[in-house]
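The stops below go from records to side chains.

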Amino acid sequence: METLLGVKIGCLFALLVLTLVCGLIPICFKWFQIDAATGRHRRVLSLLGCTSAGVFLGAGLMHMAAEALEGIDSEIQKFKMQDRKGGKCF
């Protein structure tokens, strides 16, 4: 078990470092600085920003959908039990 915990912690640390390195790479390039961007470069930066916003929005909605589906299952079961007993559903 201790080996598995060590591997998990190592993977988390590696993921953190990889994310930071990949996230900070654009800072090194002058092309990615918004003041230096003109014309086509500005459009590419805008598309990259929209894409990253879409990724975060999609991830957030998928996370909320999974939790909502867990709650819906129990509500459907309650609804079915009420229907069998002949109670009012609405």
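Where does UniProt place the feature "transmembrane region"? The unreviewed entry puts it at residues 12–32 and 44–66; UniProt positions follow the numbering used here, feature names are shortened, and annotations may be inferred rather than shown by experiment.

The model is predicted: local features need pLDDT of at least 70 and side-chain atom pairs count only at pLDDT 80 or more, while totals for chains, interfaces and linings use all residues. Residues are numbered from 1 along each chain as its sequence is written, and side-chain values use heavy atoms, with hydrogens and water left out.

Colour by secondary structure. The protein has two helices and zero strands (DSSP runs numbered from the N terminus: H or I of at least four residues for helices, E of at least two for strands). Select residues 44–66: the span is 100% helix, and its end C-alpha atoms lie 33 Å apart.

Next, show Glu75 and Lys78. Both lie in helix 2 (residues 40–85), three residues apart, about one turn of the helix. The whole structure holds one salt bridge. Glu75 is partly exposed, with a relative accessible area of 46% (buried is under 20%, exposed over 50%, partly exposed in between; 1.4 Å probe, protein chains only).

Finally, switch to a surface. Of the 90 residues, 2% count as buried. The accessible surface comes to about 8300 Å², of which 71% belongs to carbon and sulfur atoms (Shrake-Rupley method, 1.4 Å probe).

Definitions and conventions: A salt bridge is a side-chain nitrogen of Lys or Arg within 4 Å of a carboxyl oxygen of Asp or Glu.
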